[in-house]
Amino acid sequence: MGEHIIKLPDVGEGVAEAELVEWHVKVGDMVREDTVLAAVMTDKATVEIPSPVDGEILWLGAEIGDTVAIGSPIVRLKVAGEGNVKPQGDAKAEAVAAEPPAKLPTPKPETAAPTAKAPPKAGDQEAKPAPAVAKSAGQRSVSGAPRPEGEKPLASPAVRLRAKEAGIDLRQVAGSGPAGRIGHEDIEAFLARGPQVAKASGLARNDAIEDIKVVGLRRKIAEKMTLSKSRIPHITYVEEIDVTALEDLRAALNKEKRADRPKLTLLPFLMRAMVKAIADQPQLNSLFDDEAGIIHQHGGIHIGIAAQTPSGLVVPVVKHAEARDIWDCGAEVVRLAEAAKSGTATRDELSGSTITITSLGAMGGIATTPVINHPEVAIIGVNKMMVRPMWDGTQFIPRKMMNLSSSFDHRVIDGWVAAVFVQRIKALLETPALIFVD
């Protein structure tokens, strides 16, 4: 028998480290060649690490959330044959096995996820035992008041003072003394097990605390949002849009749609409206390098579509929306959304946006304050569509209304410029035929 060390392989060109986000095995497991051992994340791409050999897991060299350097040992296996580890003395071998993999420190301490210490479980050696009297007192009923309602608790002045200082209602404390007299040991037992509420209420306190380590995509989202809010002074502009005519047109187009065309949602119309508005105000389609003090104004319009997936928020990108018609935009949105939700989207499909759309319309909400996708300078937020009575000058008529909540980088985009941009989008969506006019 021998030992085989598995090191973190090169998971991408130019990648020097990766975050361990999931273990698929544990010490003692038997694995076969190509069994997935772990998953690591670089940027927004998750890569699975398979076993190259059959064997038994002896040692795992990192914890979930650790950043591990490429080439660092992550798994040690017992295998048939010699393996890839030269024989050593037992003591020395144990020392090698216990040696953790080389890990590079996270560059920014403020974005590193702290190591979470789980609260001690019952039966753990570190768990502090309850006072010995807890057991005897705990044998009494604690599901409700330990005495008939209205009966005054029996206790000495010293016990009453201690209960008052601890915020304890003596009517809820079971007394272990003669005639149910409450002593100091009963107060200790009550504190040890935690206060119980009256049975009649049907409610009980829950003092559990669960420590959840922020790892993987969730940590990257947190870092991205923190960077955006710490660097970008946001200005949010909310405008209501009458989309009655747009919805009528969309329904008609979907009714007559061909097999080679996708079902249209609101997004393709909004994307084409944004393309036309950006033609008038190209500074909205920019990336701001605030460290170099340079605004990169792009000719190509690459629209990110913020999408919620089982793993968290990702932003697939419709590249060159300026070169796509309404149906092409719709088809690309559907394709990217499916890839993002299934986890098959590539790094190229999840990067390179120059302006972003975020939509919470299906969830409701009349207004939001979207966070800009750094280093972009604008984000357009779609809110819930609803039928509202609108005054036409003579009467109230039902109209389909929807708010756009849009945020802008106030270092680059003035409030007037932001308002003009949104008003141009509003005009196009309220008169949708203009979207098709070159």
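Predicted model: local features only at pLDDT ≥ 70, side-chain atom pairs only at ≥ 80, totals over all residues.
Student: Where does Asp-34 lie?

Tutor: Asp-34 lies in the loop between β3 (30-31) and β4.

Student: Why is Asp-34 called exposed?

Tutor: Its relative accessibility is 56%. Exposed means over 50%, buried means under 20%, and partly exposed lies in between (1.4 Å probe, protein chains only). Asp-34 is above the exposed cut-off, so it counts as exposed.

Student: What makes the backbone of Asp-34 worth a look?

Tutor: Its phi is near 80°. That is a positive value in a residue other than glycine. His-320 also has a positive phi, about 50°, and is not a glycine. His-320 sits in the loop between β15 and α8.

Student: Why is His-320 called partly exposed?

Tutor: The relative accessible area of His-320 is 40%.

Student: What makes Thr-42 buried?

Tutor: Thr-42 is in strand β4. Its relative accessibility is 4%, under the buried limit, so it counts as buried.

Student: Which residues does Thr-42 touch?

Tutor: Contact means heavy atoms within 4.5 Å. Leaving aside neighbours within four places in sequence, Thr-42 is in contact with Val-11, Val-15, Glu-17, Ala-18, Lys-220 and Arg-347. Thr-42 and Val-15 are 27 residues apart in sequence, with 7.5 Å between their C-alpha atoms.

Student: Which sheet holds β4?

Tutor: An open sheet of 4 strands, in the order β5-β4-β2-β7, with antiparallel pairing. β5 (45-50) and β7 (67-69) each have a single partner strand, so one side of each is left without a neighbour in the sheet.

Student: How do you know that β2 and β4 pair?

Tutor: Two strands pair if DSSP finds at least two bridges between them. β2 (residues 17-23) and β4 (residues 36-42) share 4 bridges in the antiparallel sense, so they meet the rule. Trp-23 stands opposite Ala-38 in β4.

Student: Which helix packs on this sheet?

Tutor: Helix α5 (residues 216-231), touching β2, β4 and β7. Its direction makes about 10° with that of β4. Axes are lines fitted to C-alpha atoms, for helices over the stretch in contact, and angles run from 0 to 180 degrees between N-to-C directions.

Student: What makes a group of residues a nonpolar core?

Tutor: A nonpolar core is a set of buried Ala, Val, Leu, Ile, Met, Phe, Trp, Tyr and Cys residues joined through side-chain atoms within 4.5 Å. The largest here has 45 residues, and Ile-303, Ile-357, Phe-421, Ile-425 and Leu-429 have the most contacts inside it. Helix α7 gives the most to this core, with 10 residues. Apart from it lies another core of 20 residues, among them Leu-8, Val-15, Ala-18 and Ile-74.

Student: What does Leu-429 touch?

Tutor: Not counting residues up to four places away in sequence, its contacts include Ile-241, Leu-246, Phe-269, Ala-273 and Leu-404.

Student: Which peptide bond is cis?

Tutor: The bond from His-374 to Pro-375, with omega near 10°. Pro-375 is in the loop between β16 and β17.

Student: How many helices and strands does the chain have?

Tutor: The chain has 9 helices and 18 strands. Of its 438 residues, 39% are buried.

Notes: Residues numbered from 1 in each chain as written. Heavy atoms only, no water. Helix = DSSP H or I, 4+ residues; strand = E, 2+ residues; numbered from the N terminus.
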